[in-house]
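Me: I'd like to learn how to read a structure like this one. Can we go through it together, feature by feature?
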Amino acid sequence: MAIIVDLDVQLAKRKLSVGEFAAAVGISPANIAVLKNGRAKAVRFTTLDAICRTLDCQPGDVLRWVPDDADEG
């Protein structure tokens with residue numbers, strides 16, 4: 001199972017830089033990079049709320065689940 005973070009897609013749609021987005025959300029650009037690169041272990045609901053407010057989107061626009069490949073088990 002993998003959770004994919006599509007922040008880069010949403011930022012590109014809105015022509016927002018990582019720095020602008022980080023400032024608007026209230027977290028560091030380094031933490032945005034952790035999210036974008038799929039290295040985050042958790043996301044606080046307050047952070048997800050700020051992301052969705054800033055991007056005017058739903059959580060499903062930023063996060064999606066992809067099942068494991070059946071052959072990997």
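This is a predicted model: local features need pLDDT of at least 70, side-chain atom pairs count only at pLDDT 80 or more; totals for chains, interfaces and linings use all residues.

Me: Which residues line the largest cavity?
Reply: Val 5, Leu 35, Val 43, Leu 48, Ile 51, Val 62 and Leu 63 do. Sorted by class, that lining comes out as seven nonpolar residues, with no polar and no charged ones.

Me: On to charges. How many salt bridges does a search of the whole structure find?
Reply: In general, side chains of opposite charge can pair when their charged atoms come close. In this model the search turns up two salt bridges. One joins the side chains of Arg 64 and Asp 6, at 2.7 Å from N to O. That pair links distant parts of the chain, 58 residues apart: Arg 64 sits in strand 2 (residues 63–66), and Asp 6 in the loop between strand 1 (2–5) and helix 1 (7–14).

Me: Is Asp 6 buried or exposed?
Reply: Buried: its relative accessibility is 15%, and the cut-off for buried is under 20%. Arg 64, at 40%, counts as partly exposed.

Me: And what does Arg 53 form with Asp 49?
Reply: A salt bridge, with the closest N and O atoms 2.9 Å apart. Both residues belong to helix 4 (residues 45–55), and because they are four residues apart, about one helical turn separates them. Arg 53 is exposed at 63% relative accessible area, while Asp 49 is partly exposed at 37%.

How values were computed: Residues are numbered from 1 along each chain as its sequence is written. Side-chain values use heavy atoms; hydrogens and water are left out. A salt bridge is a side-chain nitrogen of Lys or Arg within 4 Å of a carboxyl oxygen of Asp or Glu. Helices (H or I, at least four residues) and strands (E, at least two) are DSSP runs, numbered from the N terminus. Buried means under 20% relative accessible area, exposed over 50%, partly exposed in between (1.4 Å probe, protein chains only). On a 1 Å grid over the protein atoms alone, a cavity is a set of points where a 1.4 Å probe fits but cannot get out, and a pocket is an open set with protein on both sides within 12 Å along at least five of seven lines; lining residues have an atom within 4 Å of a point. Ala, Val, Leu, Ile, Met, Phe, Trp, Tyr, Cys and Pro count as nonpolar, Asp, Glu, Lys and Arg as charged, and the others, Gly among them, as polar.
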